[in-house]
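Subject: Structure for you to look at

Hello,

Here is the structure we spoke about. Please open it beside this email while you read.

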Amino acid sequence: MTAHSTLDRTPTSDLSAVPYEPSAEGPGEWWQRAACRDRNAELFFHADHERGPSRAVRTAKAKAVCGTCPVIVQCLAYALGNREPYGIWGGLDEQERARLVRRRVS
Ligand code: SF4
């Protein structure tokens with residue numbers, strides 16, 4: 001993927017049409033521009049015991065960062081393509097990504 005591919009967009013509320021972007025080599029160059037690059041990964045991945053309000057607050061904070069991210073589309077495409085099972089990617093949590101995949105399959 002190049003820096004000026006069709007995935008190179010600003011954040012959008014319509015992520016339902018994001019293509020899958022499988023990669024066996026990990027995130028691409030877009031990662032260099034990620035809004036979360038210098039953030040603590042714990043904001044984006046829940047601890048084993050985390051439930052309820054604490055999880056909801058952390059998730060909301062992570063999604064707020066994603067909402068400012070210039071590579072939100074690339075990130076979600078990567079997560080969908082690689083079936084990332086955990087964490088917030090492209091502004092969506094695990095359940096939201098799974099729903100998106102199910103909608104496309106059906
Ligand atoms: S969309 Fe969110 S998780 Fe993905 S790179 Fe941007 S800030 Fe990080």
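Predicted model: local features only at pLDDT ≥ 70, side-chain atom pairs only at ≥ 80, totals over all residues.

Residues are numbered from 1 along each chain as its sequence is written, and side-chain values use heavy atoms, with hydrogens and water left out.

Helix 3 covers residues 94-105 (helices are DSSP runs of H or I, at least four residues, numbered from the N terminus). Its buried residues (under 20% relative accessible area, 1.4 Å probe, protein chains only) are Glu 94, Arg 97, Leu 100 and Val 101. Seen down the helix axis, these fall within an arc of 130 degrees, so they line one face of helix 3 (the arc is that of the directions from the axis to the C-beta atoms). They pack against helix 1 (52-66) and helix 2 (72-81). The face turned away from the buried side carries Arg 102 and Arg 103, which are exposed (over 50%). At the N-terminal end, Asp 93 caps helix 3, with a side-chain oxygen 3.1 Å from the backbone nitrogen of Gln 95.

Glu 50 sits in the segment before helix 1. Is Glu 50 buried or exposed? Glu 50 is buried, with a relative accessible area of 10%. Leaving aside neighbours within four places in sequence, Glu 50 is in contact (heavy atoms within 4.5 Å) with Arg 55 and Arg 58.

The largest pocket is lined by 20 residues; Trp 31, Cys 36, Phe 44, Cys 75 and Ile 88 lie nearest its centre. A pocket here is an open set of points on a 1 Å grid over the protein atoms alone, where a 1.4 Å probe fits, with protein on both sides within 12 Å along at least five of seven lines; lining residues have an atom within 4 Å of a point.

Regards

Terms used:
Helix = DSSP H or I, 4+ residues; strand = E, 2+ residues; numbered from the N terminus. Expected span 1.5 Å × (residues − 1). Polar contact = N/O pair within 3.5 Å; in protein donor to acceptor, adjacent residues only side chain to side chain.
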